[in-house]
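The sequence and structure come before the text.

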Amino acid sequence: MAEVLVQPPLLEVLRGKRQSVPPVWMMRQAGRYLPEYREIRAKAGGFLDLCFTPELAAEVTLQPVRRFGFDAAILFSDILVIPHALGRAVSFVAGEGPKLEPLTDPAGVDALPHAVDQEILAPVYAAIRLVKASLAPEVALLGFCGAPWTVATYIIAGQGTADQAPARLFAYRHPEAFSRLIDRLSDASIAYLVRQFEAGVDAVQLFDTWAGVLPPEEFARWCIAPAARIVTELRRQVPRARIIGFPRGAGALYKNYLEEVAVDAIGLDWTIDKTFARKNLQSRVPVQGNLDPLALLAGGSVLDQGIDAVLKSFADGPFIFNLGHGILPETPIAHVERMLARVRRVG
């Protein structure tokens, strides 16, 4: 009798097939809310040391899957490994977040190399191979990268800001130079994601964390256009590539994104109207989301109501249960356990 291959439920959803119990994972599911992560983090030294030590990065990727039985592992890394591999100094300061040398003028754009240094990124691919070898066949392995607009906001400002005004101003004042920066980051993202698939990921997510700060015309230029190019070229090189888009904060512009970017699923943040999303987005592709991370932190009846609202809105179609953004570091483990129990009782 021929062997029956087990397909991860998450990949079945990405093929458009509804699951009676929706697959579950969480953005930033490997992180500071887990004591086992904090123990590894203390041993690793700097944050990038953890990202670029394959054995440690693989271990923290697997930790939440072991503890909770999530339906997907997501590679432990950071969106800023791309500028790091393009020669920009990146550091992570405790309590302050990432720091880069700001890029302040068009000459700085033109000084960037035209391709990422794949030797710098090689430990990431090694970590993927280690994780893939350790996962059960029913658990999907997700890779990711930051979308060009979001990565550019950090490169321009040298840090995260409340409204990403430095990058927005740079784009208004130097549109040709900013376009070259976006093109360079798009090329880097494509090369990086291709290598992730070659190393063994089953699907990837394109994080555009700061998409929501742009007006419609700029959103079309700096978020939609590069995402569409990345998806098209990635599929040309990896025809089987499964891709989740996540233009956080896009609101009604989520619909515009889906009309132009041929992703397999769309990640929803917690602010989007669920009726709008069901009618305009889930009618086109599977959706992923969108529990408010603060509801998970709050716990109790607020958490239960939030979970039920998400399930009521989306569980009748192809759907992946997730948060609307990353889990907060102070989230109690018991709340995650409660969330999983409530989601998985649905049949």
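## Basis and terms

A residue is called buried when its relative accessible area is under 20%, exposed when that area is over 50%, and partly exposed in between, computed with a 1.4 Å probe and protein chains only. The model is predicted: local features need pLDDT of at least 70, side-chain atom pairs count only at pLDDT 80 or more, and totals for chains, interfaces and linings use all residues. Residues are numbered from 1 along each chain as its sequence is written, and side-chain values use heavy atoms, with hydrogens and water left out.

Helices (H or I, at least four residues) and strands (E, at least two) are DSSP runs numbered from the N terminus.

## The sheet

Seen in order, the strands β1-β4-β5-β6-β7-β8-β9 make an open sheet of 7 strands with parallel pairing; two strands pair if DSSP finds at least two bridges between them. At the edges are β1 (72-74) and β9 (319-323), each of which pairs on one side only. On average, and with direction ignored, neighbouring strands of this sheet are turned by 25° against each other. Axes here are lines fitted to C-alpha atoms, for helices over the stretch in contact, and angles run from 0 to 180 degrees between N-to-C directions.

Helix α12 (residues 253-260) packs on the sheet, where α12 touches β5 (203-208), β6 (243-247) and β7 (265-267). The direction of α12 makes about 150° with that of β6. Contact means heavy atoms within 4.5 Å.

Strand β4 (residues 140-146) runs parallel to β5 and is joined to β5 by 5 bridges, with Phe-144 opposite Gln-205. Between β5 and β6, also parallel, there are 5 bridges, and Phe-207 has Phe-246 in β6 as its bridge partner.

Strand β8 (residues 287-291) pairs with β9 in the parallel sense over 5 bridges. Leu-291 has Leu-323 in β9 as its bridge partner.

Most residues other than glycine have a negative phi, and most peptide bonds are trans. The bond from Gly-289 to Asn-290 is cis, with omega near -20°, and Asn-290 has its place in strand β8.

Helix α8 (148-157) is largely enclosed by the rest of the structure, because 10 of its 10 residues are buried. Among them are Trp-149, Thr-153 and Tyr-154. Gly-158 follows α8 and has a positive phi, near 85°.

The loop between α8 and α9 (165-173) holds Gln-164. Is Gln-164 buried or exposed? Gln-164 is buried, with a relative accessible area of 0%. Leaving aside neighbours within four places in sequence, Gln-164 is in contact with Thr-153, Gln-159, Trp-210 and Val-213. Gln-164 is not a glycine, yet its phi is positive, about 55°.

## The largest pocket

On a 1 Å grid over the protein atoms alone, a pocket is an open set of points with protein on both sides within 12 Å along at least five of seven lines, while a cavity is a set of points where a 1.4 Å probe fits but cannot get out; lining residues have an atom within 4 Å of a point. Grid points are joined across faces, edges and corners, and a volume is the space filled by probe spheres set on the points.

The largest pocket has a volume of about 1400 Å³. It is lined by 40 residues, of which Arg-28, Arg-32, Phe-47, Asp-78 and Phe-92 are the closest to its centre. Two or more lining residues come from each of α2 (35-44), β2 (90-93), β3 (97-100) and α14 (293-298), and α2 gives the most, with 3. Arg-28 lies in the loop between α1 (9-14) and α2. Arg-28 is exposed, with a relative accessible area of 51%, and has a positive phi of about 60° although it is not a glycine.

## The cavity

The count comes to 1 cavity of 30 Å³ or more, and the largest cavity has a volume of about 30 Å³. Its lining consists of Leu-193, Val-204, Leu-206, Ile-230, Val-231, Leu-234 and Ile-243. Both β5 and α11 (216-237) give two or more residues to this lining, and α11 gives the most, with 3.
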